[in-house]
Amino acid sequence: MYKACLKDIAHARSGDKGNSVNIGLFAKSEEAYEAILTQVTPEKVKGHFGELVKGEVIRYELPNIQAVNFVCYQALNGGGSSSIRLDNLGKCFGANLLRMEVEIQ
């Protein structure tokens with residue numbers, strides 16, 4: 001068993017709509033998909049982002065393409081036109097999530 005960053009086992013694509021962010025995580029292999037399903041939970045994703053995500057995180061599983069989609073609510077400090085954050089766009093969240101570590105068997 002070894003630890004790996006998600007960037008080593010998956011690709012990500014993310015975007016924003018209003019005050020929500022969605023992050024698609026696409027596994028590079030069946031082994032990677034299993035690790036994502038068991039270890040990359042909504043609770044861990046919310047914890048990974050800390051104070052950035054104030055609302056609920058919901059995970060949708062897409063087994064036919066070995067992917068998951070996370071929707072993070074209240075994640076953009078009110079949205080693009082309301083926030084005073086320097087970079088509040090959802091596209092940065094995918095790259096950030098790829099830094100999370102998981103254990104691979």
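## Stop one: charged side chains

Select glutamate 61 and arginine 59: their side chains meet in a salt bridge, at 2.7 Å from N to O. Keep in mind that the model is a predicted one. Glutamate 61 is partly exposed, with a relative accessible area of 45%.

How many salt bridges does a search of the whole structure find? The search finds three. To see another, select lysine 7 and aspartate 8, whose side chains form a salt bridge of 3.6 Å, N to O. Lysine 7 is partly exposed at 48% relative accessible area, and aspartate 8 is partly exposed at 46%.

Next, select lysine 54 and glutamate 51. Their side chains also meet in a salt bridge, 3.3 Å from N to O. Is this pair buried or exposed? Lysine 54 is exposed, and glutamate 51 is exposed as well.

## Stop two: the whole chain

Clear the selection and switch to a cartoon view. The chain has four helices and six strands. Followed along the sequence, they come in the pattern β-α-β-β-α-α-β-β-α-β.

Of the 105 residues in the chain, 44% are buried. Now consider the contacts in the chain between residues with a separation of 6 or more: residues 24 or more positions apart account for 60% of them.

## Stop three: a patch on the surface

With the surface still shown, select Phe26, Leu62 and Ile65. These residues form a nonpolar patch, and together they have about 230 Å² of accessible area. Leucine 62 belongs to strand E4. The relative accessible area of leucine 62 is 32%, which makes this residue partly exposed.

## Stop four: helix H3

Hide the surface and select residues 42-49, which make up helix H3. Which residues of H3 are buried? They are Pro42, Val45 and Phe49. Look down the axis of H3: the buried residues fall within an arc of 60 degrees, so they line one face of the helix.

What covers the buried residues of H3? The cover includes strand E3 (20-27), strand E4 (57-62), strand E5 (67-72) and helix H4 (91-97). Colour these four elements to see where they lie.

Step just past the end of H3 to glycine 50. This residue takes a positive phi of about 55 degrees.

Select the aromatic side chains. The count of aromatic pairs comes to one. The pair consists of phenylalanine 49 and phenylalanine 93, with 4.9 Å from centre to centre and 40 degrees between the planes, and counts as tilted. The pair links distant parts of the chain, as phenylalanine 49 is in helix H3 and phenylalanine 93 is in helix H4, 44 residues apart. Both phenylalanine 49 and phenylalanine 93 are buried.

## Stop six: glycine 24

Select glycine 24, which is in strand E3. Glycine 24 is buried, with a relative accessible area of 7%. Show what surrounds this residue: leaving out residues up to four places away in sequence, glycine 24 touches His11, Ala12, Arg13, Val68 and Asn69.

Take valine 68 from that group and draw a distance line between the C-alpha atoms. Glycine 24 and valine 68 are 5.8 Å apart in space, although 44 residues separate them in sequence.

Most residues other than glycine have a negative phi. Two glutamines to select here have a positive value.

Glutamine 66 lies in the loop between E4 and E5. The phi of glutamine 66 is near 50 degrees.

Move on to glutamine 74, in the loop between E5 and H4. The phi of glutamine 74 is near 55 degrees, again a positive value in a residue other than glycine. With 46% relative accessibility, glutamine 74 counts as partly exposed.

Key
Residues are numbered from 1 along each chain as its sequence is written. This is a predicted model: local features need pLDDT of at least 70, side-chain atom pairs count only at pLDDT 80 or more; totals for chains, interfaces and linings use all residues. Side-chain values use heavy atoms; hydrogens and water are left out. Buried means under 20% relative accessible area, exposed over 50%, partly exposed in between (1.4 Å probe, protein chains only). The arc is that of the directions from the helix axis to the C-beta atoms. Contact means heavy atoms within 4.5 Å. Patches are made of residues with over 30% relative accessible area and no salt bridge: like charges are joined within 9 Å, nonpolar side chains (Val, Leu, Ile, Met, Phe, Trp, Tyr) within 5 Å. Accessible areas come from the Shrake-Rupley method with a 1.4 Å probe; for residues, only the protein chains shown count as cover. A salt bridge is a side-chain nitrogen of Lys or Arg within 4 Å of a carboxyl oxygen of Asp or Glu. Rings of Phe, Tyr and Trp (its six-membered ring) pair if their centres lie within 6.5 Å; planes under 30 degrees apart count as stacked, over 60 as edge-to-face and the rest as tilted.
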